[in-house]
Structures are given as C-alpha cells and as structure tokens.
Amino acid sequence: MSINNDINRDLILKLLKLSKTSKKKCRFLLDKHENSLDTYIYQFDGLKFPQSFAYYLLSAIADVSLPFYGDSKKADFNIDGVSVDVKVGGSERLHKFKHYKMIDHVGKKNVFFKLLDECKNLDIKEKLIIPSVEYHCMLLLRLSNSYNIHDEDIFLEEYVNEATPSSNEVLEEYLNLELDEDQKNIVNLNNKTIEQRIEKAFSQINSIKNFFPIIESLRKKHMPYFTAPHETFQLPVLNSNEKILFSKSFVKRNLNLKKYNDLVIMNVGEDNMKGTINKGDLALIIKLKNKVKPKLNNGIYAVNLNDKIVIRRLYFSEFSKRTLVHIISDNKMYGGEQVLLENVNIFGEVVWKCNNFQDIQFLKHEGNEPDLFYNEDIEIPEFIKSKKIDKEIA
C-alpha cells in the first residue's frame, strides 16, 4: 500500500474514533456513498478524496459527533417542538418533515472544528475540507437561477433538495401514501423496512441542513473570492438611517466590483433627469472618495449642489490649463451650467438604476430574523486560517 493510502485510512479512522461513532452509523448518512466507505478507507490512495465523498463524510461526522443536532439515529424525532414517531401516511406529516427546525448552538459547533484540528497532521485540509467546500460551491451554483435565492428558508430547503434528492423522493413516496385496507396489510408486513427508509431519509436531510452553516463558514475562509448566489451585503440609503440587503453576485457579475463599502443607494426625489432616471427611482452610486479626482469620463454622476446630493449628466471639456464641466439635466425644462472641475463637488458615479422594487427580487429590507447562512461566532482552527489560500473566482 502507498503512503497516501496509509494516511487516508488513518484520517478516516481517526475521525470515526474522535466522533465516537462506528462505520455502520457513519454509512447511515453517506447518501450515495453508503456502500463505498470501506473502499475509501482501505483502498483509496489519492492525494485528496473526491469532492462528494468528502462533503458527505464531514457532514456525517458532524452529525454523529454532536448531540445538539438532535438524535438522528432513532426513529423518534423532534419536529417543530413536538416528539413524533416515524410512520407511514399523511401529507401533514410530510409537511412537518420538510419544515423541521434547525438546532443551532454555536458553542457546540466549535466542538466539530476542534475535531478537525485534531486531524491537521493527517492533511485533513487538503484531503477533506477543501474538496467538501468545492462540492458545496457546486451545489450553490446549481441554485443560481432560483427565484427564492434570497428567501433564506426556501433557499435552504432547495439546497437540501439539491444535496440529497433521493431522500426527498423517499419522503414524497412513503409519507404521502394513501392506502386502502388491503394495501395497508401488505405494507405492514414490510413496515420496518419502510420506516427504516423514512428514518434514513429524514436523518440525511437533517444532517445536511445542520451542516450548511458549518460548510458556509469553511467556504468563507477557504474561498473568500467565491461569491455565492445567495450572499448579500448591507447597503446604506443616502440621507437615511435605513439599510437594505443587496446581492453580491449581482454587483460582481454586472458591475465588476469587488469592494462593497464604496456603494450607496439613493432615492431620487426630483425630475431633472426625467426620461433617464425618474423621480421615485433608485440609483446605485459608487462614491468617489479622493479629493483629487481621477480622470473622469462623460456620464451620469451624483453631485453636491447647494449642500444637496442630486443626479446630473456631466460632460468634461479638457483644455491645456483647465477642465470645464458641463452640468446637464436630461429634462429639457431645466437649464444647465458650466463650471471648473475644481469647483464641482462630485459625490460619486451612478452605475445602475431601478424604477420598481418588483424589478429586483434580490433587494429586500433588512429583518431581525437570525442569519442561518453564516455565524461569525464560529471558531475556525488556526491551522485552517494560517495556510496560503488559493483564489477561487466564481
């Protein structure tokens, strides 16, 4: 056997030992890799594990090692605060299975990261953590066109469906069964097998859902240049204490921007730019911070006129010793003016506008709901932070 095979075997066996679980219990949550665990332990000699196997293995280890996730090894689960037994039949029960609450205790998640830290001498970062993060990013990209991309609850459910579609198929098949008496008698003969399949499906779904914030925190550490489709940032509204959530992927994809701190949104309150930007529209502005402005191109800018930020079209005429700025309103009812560049207080450049909130489904007001997508309090082991990070660009 090769050196890689020895390290790979020792790594998985150590994870099982630290999580105080058996191969049998781990297989229960390995989804499509259920029958491959022994092969990866005793025969695999690659430099790193395949992405999907790494993802489901770490998800399973997290689940079986941390009791705060709920006891997914029994056929008795806590759903919406009610203890229920897994049994066949009833669409209402299927609804409950799909909307169970995620148990979230940051302090106990740190136990999982300490477990990873115990395996750093076995190259766990390169062999398991990076491949699992790569698989997670692939799942996120598959959901790029989802209409619910910024509805956290629905998006998380879609993510789980993408990660373990077979589990959802099992729940759809058995929990919605409407059987007559003869059929029930037949099903009861195999009821144990059916309930085992339901239990396994539910356990897999529960495992992936609770693994999501963990793998998200690892993604942000290992792939900081990857912009996930569901990520947002707080965007301030000019002349207001209000902040709204704005899509990072939209900004990066359409505006080619990497810094979000220089952006501000403005509610347009005048009709000087009517036909281009109307009263009531929203304008997205990149602030120009430098007092000495770089060479600017003709375009639409936010300008400070008489201590008020307004939007105007600017044309720049360069001469040998000076630059003249033509300040123009697209609405012909208003006149323009010409001033020297040094006498113009340019606040920023307008890069995007919208005339209706319904046009931009990625935009929504900030709420007080907890953020299920990432928790800054999660501790990441130092060995993960310290090594050089490769740039990953979506």
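**Notebook: cavity, sheet and helix packing**

I sorted the residues lining the largest cavity and got 4 nonpolar, 1 polar and 2 charged, where Ala, Val, Leu, Ile, Met, Phe, Trp, Tyr, Cys and Pro count as nonpolar, Asp, Glu, Lys and Arg as charged, and the others, Gly among them, as polar. I was working on a predicted model, in which local features need pLDDT of at least 70 and side-chain atom pairs count only at pLDDT 80 or more, while totals for chains, interfaces and linings use all residues. Residues are numbered from 1 along each chain as its sequence is written, and side-chain values use heavy atoms, with hydrogens and water left out.

I searched the whole structure and found 1 cavity of 30 Å³ or more, a cavity being a set of points on a 1 Å grid over the protein atoms alone where a 1.4 Å probe fits but cannot get out. The largest cavity has a volume of about 30 Å³, taken as the space filled by probe spheres set on the points, which are joined across faces, edges and corners. I listed its lining (residues with an atom within 4 Å of a point) as Val268, Glu270, Asn272, Met273, Ile277, Ile311 and Arg312.

I turned to the sheet, where 7 strands in the order β5-β6-β11-β7-β8-β9-β10 form an open, antiparallel arrangement; strands (E, at least two residues) and helices (H or I, at least four) are DSSP runs numbered from the N terminus, and two strands pair if DSSP finds at least two bridges between them. β5 (263-267) and β10 (337-340) stand at the edges with a single partner strand each, so one side of each has no neighbour in the sheet.

I then followed β8 (residues 308-318), which pairs with β9 (residues 323-328) in the antiparallel sense over 6 bridges, and noted Ile327 in β9 as the bridge partner of Leu314. Glu318 is also in β8, and beyond residues up to four places away in sequence it touches Lys295 and Thr323, contact meaning heavy atoms within 4.5 Å.

Last, I looked at helix α1 (residues 3-18), which packs against α7 (residues 124-142) at an angle of about 65°, with the axes 11 Å apart; axes are lines fitted to C-alpha atoms, for helices over the stretch in contact, and angles run from 0 to 180 degrees between N-to-C directions. Here Asn4, Ile7, Asn8, Leu11 and Leu15 of α1 meet Ile124, Lys127 and Leu128 of α7.

I found the axes of α1 and α4 (residues 51-65) coming within 10 Å and crossing at roughly 20°. Ile12, Leu15 and Leu16 of α1 and Phe53, Leu57 and Ile61 of α4 make this contact, which I sorted into 6 nonpolar, no polar and no charged residues.

Note on methods:
1 Å grid on protein atoms, 1.4 Å probe; cavity = no way out; pocket = protein on both sides within 12 Å on 5 of 7 lines; lining within 4 Å.
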